[in-house]
Amino acid sequence: MASFALESFVSQATAQARDLSEPADCVLALAPLMLELIERATTFLEPQHYRSDPNHYARNLVYDAPDASLSLYTLVWSPGQWTPVHDHGSWGVVGVLEGVLEERNYVRLSPDSGTDEGIHLVRGGVILLGRGAVTSFVPNPDHIHITGVPPERPRAVSLHLYGRTMNSFNTYDIASGTRQRVSVEHNES
């Protein structure tokens, strides 16, 4: 049985996502709700939401809307684990439950021609997100980044809300200037 905190969050997030068609408006409304949710995470997260994997960061499903309009995951990052360089193709709101999550951003210098080649990215800034921090992103322009935990830091756990079922994203090969859509797996809860 889901807790009241999770049920309330899902209800409010569903209403906001339905009523606000602009992704920037949606994340503006949802970021304060995520801040409240991470403060109450112990009331609804269970041991399976903290599963890790020795080979890569772990994605643990907390909630997936029946109409695929929202999904909520815990991501568990052991020291030295990183995502590939990627974008989401969706808006999202992220809250940090434990540790420090590092986000290294990329800036696209080439125009978006809609193709998966000729993409020129350069490294941008870095954001360090400690326990209790909330961040968000929107598509168009794509939020391209790599996220993880350096080997010298302890594990991090974050809660991610996406504006769709997050079962795939675009990954980027900086050297070849290409991107490709890849499927991403998660642990069922």
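**Pockets and a cavity in a predicted model**

β4 is the top contributor to the lining of the second largest pocket, giving three residues. This is a predicted model, in which local features need pLDDT of at least 70, side-chain atom pairs count only at pLDDT 80 or more, and totals for chains, interfaces and linings use all residues. Residues are numbered from 1 along each chain as its sequence is written, and side-chain values use heavy atoms, with hydrogens and water left out.

**Terms**
- On a 1 Å grid over the protein atoms alone, a cavity is a set of points where a 1.4 Å probe fits but cannot get out; a pocket is an open set with protein on both sides within 12 Å along at least five of seven lines; lining residues have an atom within 4 Å of a point.
- Grid points are joined across faces, edges and corners, and a volume is the space filled by probe spheres set on the points.
- Strands (E, at least two residues) and helices (H or I, at least four) are DSSP runs, numbered from the N terminus.

**Second largest pocket**
- Its volume is about 170 Å³.
- Its lining is made up of I38, E39, A41, T42, Y50, V96, L97, E98, R131 and G132.
- Two or more of these residues come from each of α2 (23–39) and β4 (92–98).

**Largest pocket**
- This pocket holds about 230 Å³ of space.
- Residues lining the largest pocket include S52, D53, H56, Y57 and R59.

**Cavity**
- One cavity of 30 Å³ or more is counted.
- The largest cavity has 21 lining residues, with H88, H145, T147, H160 and Y162 nearest its centre.
- β7 gives the most to this lining, with three residues.
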